[in-house]
Amino acid sequence: MVKTKIAVLISGNGTNLQALIDAQKSGILKHGSIELVVSSSADAYGLKRAEAAGIATAVVTRKQTGSQRAFEEGIRAELEKRGIELIVLAGFMKILSKDFTDAYADRIINVHPSLIPAFCGKGCYGLKVHEQALAYGVKVTGATVHYVNEVPDGGRIILQKPVKVKKGDSPETLQKRVMEEAEWKILPKAADKVSKKIMKEKAADMEQYGKERIEELVEDNSYVGRGIVLGRTPDGQKAVSAYFIMGRSENSRNRIFAKDGDSLYTRPFDEAKVEDPSLIIYAALRQYENKLIVTNGDQTDTIYEHLEKGGTFEEALRTRQFEPDFPNMTPRISGMITFGEDDFEYKISILKSGNREGTKSGRYTFEYESDPGLGHFIHTYQQDGNPLPTFLGEPKRVDIPDDIDSFTEGLWEGLDGDNKISLYVRYTDIATGEYEDRLINKNS
């Protein structure tokens, strides 16, 4: 299950943060994962709580940034780095602007120490809430978790829990009891409830557009062979390319991925054990000018050389056919991203046997204009078998997350543990051409 990614925003001690951390450990918060804690104060003790729990932290202060706009842009930059989907305000002592709350509509929740609409609104926070409750003489107070909009404490209510006011209560004792009996109970439950809602919305979106998670496409399939994914992140800023290899024979499994500059190569893990290098050792990814080429064989070089001579992706592949490994007749799969000034497009090709005898070739090319959050996935085999059954149909539509690590981990974990060998993922900034990548080798 791919959980909703949560960021918790704090300013101080972080007791509500601790309640969320404890709920995540106990399984109460099961549909969300706390990926980040952002503090508006460098001295907040909540940062230590996050670090002790192994959660990434960031500090963004108004003093450092100088303006409300810069302050919020700093927070957004941290959220976007980690693909955050839900923001939980837990003792965050700053007001967020309408621009910020609109950008995360129904994706920000807050806990307030009263039963809204009582004792809430601008200037009503902390001990002031309990002072007002005692001054008014209420017999019951409590806590509320609500969605956040531009009106302080004005968003829709998600959960509430009442707490009795006791004779002799001070603002401090009442505050402590409201936290223990209400805030720490309902905040994790509300975070889980909204996380589950977000997961359902993502699933509905993927179903509407025919997308699936990459891990769901490869899990429970022991042998999908070699695979290529090309696509674009939901924020529209990065082009995504991925390539993985699997193997059944000792010769196929005796491989690793290795980078040489910006290029990716397959290499022998143990050169003494290499039997036939012709189909397993090749350049898997190369860059030519504004084009990124990724393939499952030495047709990478064929495409590169044709581009150098002014040729095209399609012309290069017309000179090639499926691999000569009868009776499998492994398809050659290839992809190419072409970067423009502000955008990019990509092509995916498969060359496979056109008949059972392997005397004719079928050549199929699919061309896509990039769409945020969407990728296309092609692989060599339908499943394990003898001979191996060739991939059928069009490349599959897959969901592409903003976070490179979640994509990499999902794909790697989904691949069969016995047969997977190596995986390489690259996220390239469309505007600058700079990239970050991840490389995993089972043999190490």
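These are my notebook entries on one protein chain, read from a predicted model.

**Ground rules**

I counted residues from 1 along the chain as its sequence is written. Because the model is predicted, I took local features only at pLDDT of at least 70 and side-chain atom pairs only at pLDDT 80 or more, while totals for chains, interfaces and linings use all residues, and side-chain values use heavy atoms, with hydrogens and water left out.

**Entry 1: the whole chain**

I began with the overall layout. The chain holds 12 helices and 20 strands; these are DSSP runs numbered from the N terminus, helices being H or I with at least four residues and strands E with at least two. Its C-alpha trace spans about 90 × 45 × 40 Å along the principal axes.

How many of the 444 residues are buried? I found 50%, where buried means under 20% relative accessible area with a 1.4 Å probe, protein chains only. Next I looked at contacts, meaning heavy atoms within 4.5 Å. Among contacts with a separation of 6 or more, 61% join residues 24 or more positions apart.

**Entry 2: the seven-stranded sheet**

I followed an open sheet in the order β10-β11-β12-β13-β14-β15-β16, with antiparallel pairing. Two strands count as paired if DSSP finds at least two bridges between them. At the edges I found β10 (255-260) and β16 (361-369), each pairing on one side only. Neighbouring strands are turned by 20° against each other on average, direction ignored; axes here are lines fitted to C-alpha atoms, for helices over the stretch in contact, and angles run from 0 to 180 degrees between N-to-C directions.

A reminder to myself: strands of a sheet pair through backbone hydrogen bonds. I then checked β15 (344-353), which is joined to β16 by nine bridges, the two running antiparallel. S353 has S361 of β16 as its bridge partner.

**Entry 3: helix α10**

Which strands does α10 (299-308) lie across? I noted β12 (283-288), β13 (291-295) and β14 (332-339), with the helix running at about 15° to β12. Its buried residues are Q299, T300, T302, I303, Y304 and L307. They pack against β12, β13, β14 and α11 (313-318). Just after the helix, G310 takes a positive phi of about 90°.

**Entry 4: the largest pocket**

I looked up how a pocket is defined: on a 1 Å grid over the protein atoms alone, it is an open set of points where a 1.4 Å probe fits, with protein on both sides within 12 Å along at least five of seven lines, and lining residues have an atom within 4 Å of a point. The largest one holds about 1200 Å³ of space. It has 39 lining residues, and K5, G83, E85, K202 and P401 are the closest to its centre. The lining divides into 13 nonpolar, six polar and 20 charged residues.

**Entry 5**

Of its 36 lining residues, G91, F92, M93, N110 and Y125 are the closest to the centre. I counted 15 nonpolar, 16 polar and five charged residues in the lining, with Gly placed among the polar ones.

Key:
Grid points are joined across faces, edges and corners, and a volume is the space filled by probe spheres set on the points.
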